[in-house]
Every structure is written in structure tokens, then in C-alpha cells.
Amino acid sequence: MTAPTTTAPTDEEDRPAPPHSGGDPFDRDSLPAPPRATAALLRSLLAPLRARVALATVLLLLQQAAVQTGPLLVAYAIDRAVPAFRRDDHGPLIAVAVAYVLSAAAAGALQSGFILASARVNQDVLLDLRGRIFRHAQALSIDFHERYTSGRLISRSTTDVESLRELLSEGLQELVTVILSFVYISAVLLWLDLGLGAVAVLSFVPLYLLIRLYQHRAGRIFSRRSTAIAAVIVKFAETMNGIRPVRAFRREAVNDADFHVLNHRHERINGDSMLEMARYVVGSRLVANLAVAGIVLWGAHRVASGTLALGVLAAAVLYLRRLYDPIDRLGMFLNSYQSAAASLEKVAGLLAQVPSVPEPADPRALPALASRHPGREVVFDDVRFAYRTGGEVLPSFSLTLPAGRTVAVVGSTGAGKSTLAKLLARFYDPTSGRVLLDGVDLRELSVRELRRGVVMVTQEAFLFSGTVAENIAIGRPDATREDIERAARAIGAHDFISALPDGYDTDVRKRGGRISAGQRQLVAFARALLADPAVLILDEATSSLDVPGERAVQRAMHTVLRGRTAVVIAHRLSTVEIADRVLVMEHGRIVEDGTPAELVAGTGRFADLHRAWRDSLA
Ligand SMILES: Nc1ncnc2c1ncn2[C@@H]1O[C@H](COP(=O)(O)OP(=O)(O)OP(=O)(O)O)[C@@H](O)[C@H]1O
Ligand SMILES: [Mg+2]
């Protein structure tokens, strides 16, 4: 049989998203998990909950024992209590009725106990897992995030965690119940009547084969399905994150078409899984009903010939119904088991990633600062660097920035200026060589010390949700309102902030959408100033400001940068004038180095740039 709804080739469906190709594991939806990582993850999630898991298991065992006495009592009623009743002996029938009610009540009580105990386990596992995904993803290095999209991370912590939830809250309990009832019922049937018991047990051979077949086929479909839904989420997140360029370039139609393809691919795979399920249900019902019919025929024959009590046959049929009833749904439980296994494997693969910029096990401290603002010396010692994707950006780079000086870095687009800055902020580690801060390799510094020592302000000037004051205070969480205002005043941001609807308490909303790009830069500046780092990196940090705004910041910078080591990267040469020294960078190398006056007076690249800039002003 072939799936009638499937038209696209399957290998196309196995790909995460249309534009990807190649052998990089990041191009696939999931990163490979090391062997046994999934099982280890599950164990580590359950380990702290051992006592509760044991309690839930015991409750379930007892509950099953109570539930499965029902048909046995019916058999007793038919074969013993009713004949006794006919002889006017009411005792046995009353005893059966009481026992029936008691076992049902006990089963109910045990069941609710089990639900409570297992719900706590489930909640704790999911809580733990979501927390781990978040913490781990946040701790991973920048280069990880550049390749593993945020949409996929969202998919890990939503759909994948959700599929584990489904397994824990429904699937697992049902699965264990089916297995337990199989054991109980087989044992009781064999005890009641060896022949009937044997037929029931044998009927499980074809059922087992059916289940295995189903599992095999459905497992592959589930893995594809979770990849497909991740691709849908990735597309969604990417589009909405980039809604402005989407609008500006009228990408809506293209996006709609792409989304349509991804959405339908997911739907088709879902259809495939339903089809597998339907086949399984038909097969399992057939086996189950044939077994019941066989037992009824054979049992009736034996009852007529007097070798089997009627009550035992009735109990056998009741038991078999109970046994086969959940078999249909067993497919569904296995579904949730398999999709949870596929999801958990993806999560395990993510959690197995190690930061490429690891925190040192045994961090070194920076030497104490001699005065309040001496800055720190920065040395690039024969640094080579290449991004994971792409050629070498810095080929053998050496540079010393003396403490407390302001250095401007200029150069054409793509020269490697931001790369230099990011290495100094340790977003990446050099491929070889060292970056030293006051003689200490950045790799030996604790993240805490590094972030306190080096702060970078970039063009993006990202604002977090919260108020303006909170955004500035990120630089120093214990800052008072006076400190915050002082920083804002120093940078010339106070006036615009005061003019906002709620002043410093204005909520910046999503990505600072209510605040202009230049204002965002001012807030980011104030944040960096408040953080009071020894080394301040400004990468195009004033690029969005208007000329008066930039002038104001420049005036402020004389005080802000005094006594700090500052690296100012800028295209606008006006920004460069405050520097003690200018570096001109091309193709990952310093091609000119001197004071602004020296370079302007010379005949090099900077002099050309400066002349062109002067002319443009005139
Ligand atoms: N995350 C990245 N992954 C791969 N390559 C990158 C990455 N970031 C930058 N590059 C490459 O490294 C080179 C240097 O980029 P860099 O951002 O350092 O330039 P820049 O001097 O800051 O340029 P601009 O003036 O445009 O900001 C460029 O060729 C760029 O394509
Ligand atoms: Mg740059």
C-alpha cells in the first residue's frame, strides 16, 4: 500500500528547511546526540524524583490489582453465589456485591493517588527540562547562536517539551497499565483455565508483531514530523523578527509561498502518521475480535460438554475485552512514546553542545587597579582568527593598546574591525594566539570579571523589555536612580528620556519600537557608562545619532573615556578626532598607525579619507 496523499518525494521532506544543504550538522534540524545521551538525560531528569516515581509505581500496581478483581468476582457470582442464592443462601451474593464495591472504591482511591503522584513527577520533569534548555542555550557561545536559529531553539523548548509532556501525562501511564494488565490478566486466566489462558496469551503474538511493525514505520514518520514542525516555527519566527525588512522589500508573497510549502509538508507528514495509525487499529481490532470469537465458540462448546464453568467463560470474555480494549489506543501511546523519544533526542543533542568559548575551570583575577580610572592594557599577541564559516579574517595580528588611551579604528567595510572588537569582548576565541588584558589571557578570566572589565556598545543597541531606567541599570544592577540619571545626563540622554510619557519609567516595549534608533544608542551608551568598565569598545555606537546628537556625545566622551582604555570604531571621521591614536585597518591588518594629526598630515589612506570627508563638508 502507498500513502495516497503523499506526492512529494520523501527525501525532500527529510530536509529541515528549503535553503539548507551541505554536511554541516547545523543545517539539520537536530544536532547529533552522543550515544546514550538521551537515556542519560532521562535518568538525570528522574533521579531527583526517585521516591515519587517509586510511590507512583506502587500505587499503579495496587490499582491494577484492585481493578482486575472485577471479572473474577463475576465468575464467582455466576458459578457459586447464584446457585447458593437459589438454595436460599444469600451470604455469598452479598459478599460478592460488597467485595465488588470495595474493590471499585479502592481502585478509584488508588487511581487518584497515582494521578497526583505522577502529575508532580511530570511537572517537575518538564520544569527542569525547560529550565535546562534555556540556561544551556543562553550559556552557549555566540557562534552557536549564529548557526542554530532561535526558531529551532523555540521549537526545542515548546513542541519537543510538549511531546514529552504528552508521553508523561498520558502515554506512559497507559502503556504501563496495558503491560501490567496483560501480566495480571494472563496470570488470572491461566489460573482459571489453562486452555483459555493459553489462547489469550497466544493472541498476543500477532498483536506484538503488529505493534513492532507499526513502531518501526511510525518512528520514522515522527522524526520527520518534528523536523517539519520545527521548520514551520523557524520560518514563522524569522519572518516576524524581520517584519520591517519583510514590509520594506514586499517579501510577503514569497514568505506566504514558503510558509505554505512548509505548513503543508507538516500536514502531509501528519496525514502519513494517521494512515499508519489507521492501519494499525484495523489490524489490532481484527486480531482481538477473532480471539474473542474463538474463545466464545470454544468455551461455549466446553460449557455444553461440562468441562468449563459458565462463570469462568464469562470472566474470560470480560477479561479479554478489558485486555483488547486499550490495544487500539496502545498505538497512540506508542505514538507519544516515539515522538517523545525523537524530541528528547533532539533536546539531548542540544544539551550536549559545549560552549566554544568556555569559562575557565580555575579563573585568574585581574591585577588590582592602581587608581579609580587607570584603564587596562590590551594586547593582541599574534592573533589569528577565522569564523567557523569562511576564510581567515585576522591573519597574524599583533597590537598593543596602552592603558587609559582612546584608540580609533577606521577602515573599509569588512576589514575586520568588528571582529577585532568581538575578540576583545571574548565573543569568540582566537584560532591561535592570545588576547591579553593587563597581561592576563581573556580565556583565563571568569565571565564575571571579563564582563566587568570589558564592555562593548554596538550599533544595534538592543533594549530589553522593561523601563528605560531598567535598561540603563543593566550595566550595574545595584545602581540608584541618581546614578542612572547621572549616566544619562553625562551622555546627553536625559532630555529625551524626561520628555517620554513616563520619563525614566517609560516601558520601551518590544525591541524599543517606541524609541528611535539614535535614542536607543544613547540609552545603550548610558548603560555602558554606568557599568564603568576599564575597557570600553564602541563599535559604530554613534552611527544613528544626528550631528548635534553626535557632537553632544563627543563632548561627553572626553569625560566618559578619560582614564579608560577605549576602542572607538567609526566610519564618521568626526568621531575619530577625540582619539589619541588612529589605526587604519584593511583586510585584517593595521596599515596605518599614528595620532590623528600625524595621519592627516601624511600621505596614507587616512589622509585621503580625511580629505574626502573635509570636501564633503564644504
Ligand atoms: N559571524 C560571522 N561569520 C562569518 N563571517 C563573518 C562573521 N562576521 C563577520 N564575518 C566576516 O568577517 C569579515 C570581517 O567582518 P567585520 O564585521 O569584522 O568587518 P568590519 O570591519 O566591522 O566591517 P563594517 O565596517 O562593515 O562593520 C567580513 O568578511 C565578514 O564577512
Ligand atoms: Mg563592523
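Predicted model: local features only at pLDDT ≥ 70, side-chain atom pairs only at ≥ 80, totals over all residues.
Residues are numbered from 1 along each chain as its sequence is written, chains are lettered from A and ligands numbered from 1 in the order in which they are written, and side-chain values use heavy atoms, leaving out hydrogens and water.

**Exercise 1. Find which residues come nearest to ligand 1, and describe the shell around ligand 1.**

Step 1. A residue is near a molecule if one of its heavy atoms lies within 4 Å of it. There are 15 residues around ligand 1, and Gly414, Gly416, Lys417, Ser418 and Thr419 come nearest.

Step 2. Sort the shell by type: four residues are nonpolar (Ala, Val, Leu, Ile, Met, Phe, Trp, Tyr, Cys and Pro), three are charged (Asp, Glu, Lys and Arg), and eight are polar (the others, Gly among them).

Step 3. Look for the main contributor. Helix 13 (residues 417-424) gives the most, with four residues; helices here are DSSP runs of H or I with at least four residues, and strands are runs of E with at least two, numbered from the N terminus.

Step 4. Check the polar contacts (pairs of N or O atoms within 3.5 Å). A polar side-chain atom of lysine 417 lies 2.8 Å from an oxygen atom of ligand 1. For glycine 416, a backbone N or O atom lies 2.9 Å from a ligand 1 oxygen.

**Exercise 2. Work out which residues form the nonpolar patch on the surface.**

Step 1. Nonpolar side chains are joined within 5 Å, and like charges within 9 Å.

Step 2. The members are Leu202, Val205, Tyr208 and Leu209, with about 430 Å² of accessible area together (Shrake-Rupley method, 1.4 Å probe).

Step 3. Helix 9 (residues 204-241) gives the most to this patch, with three residues.

**Exercise 3. Is histidine 587 buried or exposed, and where is it found?**

Step 1. Buried means under 20% relative accessible area, exposed over 50%, and partly exposed in between (1.4 Å probe, protein chains only). Histidine 587 has 68%, so it is exposed.

Step 2. Histidine 587 sits in the loop between strand 9 (581-586) and strand 10 (589-594).

Step 3. Most residues other than glycine have a negative phi. Histidine 587 is not a glycine, yet its phi is positive, at about 45°.

Notes: Polar contact = N/O pair within 3.5 Å; in protein donor to acceptor, adjacent residues only side chain to side chain. Patch = residues over 30% accessible without salt bridge, like charges linked within 9 Å, V, L, I, M, F, W, Y side chains within 5 Å. Salt bridge = Lys/Arg side-chain N within 4 Å of Asp/Glu carboxyl O.
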